[in-house]
Amino acid sequence: MTTSWRIATHAEEPLDPSAVLALFAAEGWWPERTPSTVQDVLDRGPAVAARVGRRVVGFARAVSDGAFRAYVEDVVVDREFRGRGLARELLEALLEQLPDGATTTLFCDPELVELYRGAGFSDTRQVVLHRRPRVEFVLTPPAEAGDVLTAYYEDIVTRWYGRPATPAEVSRAMAEGPSHDLTGPTGALFVVRDGPRELGCGGLRHVDADVTELTRVWIAPAARGRGLGSRLVRRLEGFAAESGRTRIRLDTRDDLVEARAMYARLGYADVEPFNDDPYAHHWLGRDLP
């Protein structure tokens with residue numbers, strides 16, 4: 001039996017951002033996106049979805065200036081429903097939402113060219129260029145962040161001893177404070193990237209359903225003074241809030257004066273000690289918005 005679908009715009013039938021993320025995750029797209037950023041995307045531009053029951057099996061969106069130009073950004077179909085004309089229907093429904101007379105542009109993989117030619121798109125001699133943000137905060141499994149975590153420990157151990165840390169001291173510190181749980185349901189780890197360069201890191205360790213802890217927050221010395229630490233903390237706070245946490249806390253050391261000043265600027269205040277870590281001298285926290 002052939003399963004039928006229905007197509008509606010986001011304006012007609014609001015999409016759950018998590019459903020869109022699930023569809024993209026199955027294709028390996030948008031790993032760094034969050035429900036809040038996807039919600040912003042949905043609210044700012046035309047988007048359509050195909051549903052079977054409550055399940056989202058196809059999605060398309062565009063960006064437009066509302067008059068002269070539009071750009072088809074995403075067209076994705078669940079693998080189970082490919083080869084049945086759904087992509088074409090999604091594209092046609094999306095194009096109906098764009099301004100009359102607007103020039104509509106897209107780029108695609110070579111195997112999809114015929115699909116778009118069939119919808120009235122034609123080849124162009126123009127060259128497509130990208131300019132991506134120079135600095136990104138990328139959600140990264142700890143197992144793939146070994147270099148930046150090692151650099152973090154080298155820096156904080158060096159500051160603790162007041163001299164260059166030895167490899168053995170760094171290894172011991174990493175063993176005493178493992179980072180493997182900063183992923184999945186127990187936490188998260190973000191790496192600050194500038195293209196291929198890793199400029200820092202920051203993590204969350206969830207305590208319970210309401211509380212999470214900041215950890216591994218670090219910016220490489222050469223990248224300091226650019227506000228990246230504050231931006232990183234705000235990104236971590238946003239991720240924590242999206243996970244349902246309402247309170248965030250951290251501990252820090254006496255010698256990390258710059259970090260303590262940053263946390264004060266960001267609204268963190270002293271709280272009662274919540275651990276007996278020998279390297280913790282100050283305990284801070286704040287409510288999440």
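These legends accompany an overview and close-up views of a predicted model.

View 1. The C-alpha atoms fill a box of roughly 65 × 40 × 35 Å along the principal axes. Of the 289 residues, 40% count as buried. Among contacts with a separation of 6 or more, 62% join residues 24 or more positions apart. The chain carries 36 positive and 44 negative charges, whose mean positions are 3 Å apart.

**View 2. Tyr152 and Tyr153, an aromatic pair.** The chain has eight aromatic pairs. Here the ring centres of Tyr152 and Tyr153 are 4.9 Å apart and the planes stand at 75°, so the pair is edge-to-face. Tyr152 has 10% relative accessibility and counts as buried. Tyr153, at 6%, counts as buried too.

**View 3. Trp160 and Tyr279, an edge-to-face pair.** The distance is 4.9 Å centre to centre, with 80° between the planes. Trp160 lies in helix α5 (residues 146-161), and Tyr279 in the loop between β11 (269-270) and β12 (282-287), so the pair ties together parts 119 residues apart in sequence. Trp160 is partly exposed at 34% relative accessibility. Tyr279 is partly exposed as well, with a relative accessible area of 36%.

**View 4. Arg249 over the face of Phe274.** Arg249 lies 4.0 Å from the ring centre of Phe274.

**View 5. Arg286 over the ring of Tyr268.** The charged end of Arg286 sits 5.8 Å from the centre of the Tyr268 ring.

How values were computed
Residues numbered from 1 in each chain as written. Predicted model: local features only at pLDDT ≥ 70, side-chain atom pairs only at ≥ 80, totals over all residues. Heavy atoms only, no water. Buried < 20%, exposed > 50% of the residue type's maximum accessible area, 1.4 Å probe, protein only. Contact = heavy atoms within 4.5 Å. Lys, Arg positive; Asp, Glu negative; His and termini not counted. Charge placed at Lys NZ, Arg CZ, Asp CG, Glu CD. Phe/Tyr/Trp six-rings, centres within 6.5 Å; stacked < 30°, edge-to-face > 60°. Helix = DSSP H or I, 4+ residues; strand = E, 2+ residues; numbered from the N terminus. Lys NZ or Arg CZ within 6 Å of the ring centre and 35° of its normal.
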